[in-house]
Amino acid sequence: MKNSLIFKLLTLTLILTVPALIAHAQGISAKDLVIYYSFDEDTLEKGEVLDGSENENHGLVRGNLKIVEGKVNECMEFPGGAANYISVRNHHYTDLFPELTLAVWVKTAQRGLIASWDRSEFFRFAVGDDVGGNAATTFVAFDVCCPIRDWWSKTDVADDEWHHIVATFDAEMKRIYVDGELDVEVPTDTNNKMIGKAITRYGFIGTGSEATAFDGARNPQWTFNGLMDEFLMFHRAISAEEVERLAKAPGDPFAVEPIDKLSITWAEIKSKK
């Protein structure tokens, strides 16, 4: 009788405790996830980087890119040069859209494009830029259209060390985060609360885009030279808390892992019955 009561109490404790632990999980929401390239070795298949978002926006690997040791498991090494890039399958824009997040780990010592769906038509994301006060520098660039609004971080990230960089856009604010911390933010223009215009553009990782078809025209071609890991793209502005989790707890971004461990297992409970 006593053992049975203990068993029931322990079972009830487990039932009540698990939801509370899950509420403190480390993963971020996959809501509105568009592309996820982990760049792990097991995601490279037949010359393509597989998209972990389940949207099948796989990336065709061009040139001499290699999988090497990264920030989280493996990463992609970009050697620079116009022939070395990833062409994104399927995902293209033909009209305006309201929210965006780009997030990635980078390790580089020079200016280079990270992702582009055409600055003068939609957006691009880079270390450094080729316009305005950030021309030829190595601060995070986040350029959106339309009209074109070029915008940069305050932190130089091209020191050949790993940095987590994020750009977000919504109708209220646009922000750049570096290593989990807010670096700059400005209000979104009153008359520019959407990104893009009614024209077709396909995208690239590691180079610029003016592509009206898959693997089409590339420009500009100041390509990425360095290491890139855990590239994420959302059609929503992720929260500051989610940015911090990505930067401060590198790993599977969507893994649900309790912060604390239960002190007793189901086997132990059963043994007490």
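**Close-up views of a predicted model**

View 1. In helix α2, which spans residues 240-248, the buried residues are Glu242, Val243, Leu246 and Ala247. Seen down the axis of α2, these buried residues fall within an arc of 130 degrees, so they line one face of the helix. An α-helix has 3.6 residues a turn, so residues three or four places apart point the same way. The elements that cover the buried residues of α2 include β8, β13 (163-169), β14 (173-178) and β17. The model shown here, as in every view below, is a predicted one.

**View 2. The whole chain, as context for the close-ups.** The secondary structure of the chain comes to three helices and 17 strands, and buried residues make up 48% of its 273 residues. Among contacts between residues at least 6 apart in sequence, 64% join residues at least 24 apart. The chain exposes about 12800 Å², of which carbon and sulfur atoms supply 50%.

**View 3. The nonpolar cores and the surroundings of Leu100.** The largest nonpolar core has 42 residues, and those with the most contacts inside it are Leu100, Ile114, Phe123, Ile165, Phe231 and Met233. Strand β8 (residues 100-108) gives the largest share of this core, with four residues. A second, separate core has 11 residues, among them Leu232, Phe234, Ile238 and Leu246. Leaving aside neighbours within four places in sequence, the residues in contact with Leu100 include Tyr93, Phe123, Phe142, Ile195, Met233 and Phe234. In soluble globular proteins, nonpolar side chains tend to be buried together.

**View 4. Strand β1 beside strand β17.** Five of the five residues of strand β1 (residues 33-37) are buried, so this strand is largely enclosed by the rest of the structure. Four bridges join β1 to strand β17 (residues 225-234), and the two strands run antiparallel. Within this pairing, Ile35 stands opposite Met233 of β17, and Met233 is also one of the residues with the most contacts inside the largest nonpolar core.

View 5. Nine strands form an open sheet with antiparallel pairing, in the order β2-β3-β4-β7-β16-β9-β10-β11-β12. The edge strands are β2 (44-45) and β12 (152-156), each of which pairs on one side only. Strand β3 (residues 48-49) is joined by two bridges to strand β4 (residues 59-62), and these run antiparallel; the bridge partner of Val49 in β4 is Gly59.

**View 6. Glu121, a buried loop residue.** Glu121 lies in the loop between β9 (112-116) and β10 (123-127), and it counts as buried because its relative accessible area, 10%, falls under the 20% limit. Not counting residues up to four places away in sequence, Glu121 touches Cys145, Cys146, Gly196, Lys197, Ile199 and Arg201. Glu121 and Ser209 are 88 residues apart in sequence, while their C-alpha atoms are 9.6 Å apart in space.

**View 7. Thr223 and its contact with Gly81.** Thr223 lies in the loop between β16 (201-205) and β17, and at 7% relative accessibility this residue counts as buried. The side chain of Thr223 reaches the backbone nitrogen of Gly81 at 2.8 Å. Leaving aside neighbours within four places in sequence, Thr223 is in contact with Gly80, Gly81, Ala82, Asn84, Arg111, Gly112, Leu113, Gly206 and Thr207.

Note on methods: Residues are numbered from 1 along each chain as its sequence is written. This is a predicted model: local features need pLDDT of at least 70, side-chain atom pairs count only at pLDDT 80 or more; totals for chains, interfaces and linings use all residues. Side-chain values use heavy atoms; hydrogens and water are left out. Buried means under 20% relative accessible area, exposed over 50%, partly exposed in between (1.4 Å probe, protein chains only). Two strands pair if DSSP finds at least two bridges between them. A nonpolar core is a set of buried Ala, Val, Leu, Ile, Met, Phe, Trp, Tyr and Cys residues joined through side-chain atoms within 4.5 Å. Contact means heavy atoms within 4.5 Å. A polar contact is a pair of N or O atoms within 3.5 Å; within protein, one must be able to donate a hydrogen and the other to accept it, and residues adjacent in sequence count only if both atoms are side-chain atoms. Accessible areas come from the Shrake-Rupley method with a 1.4 Å probe; for residues, only the protein chains shown count as cover. The arc is that of the directions from the helix axis to the C-beta atoms.
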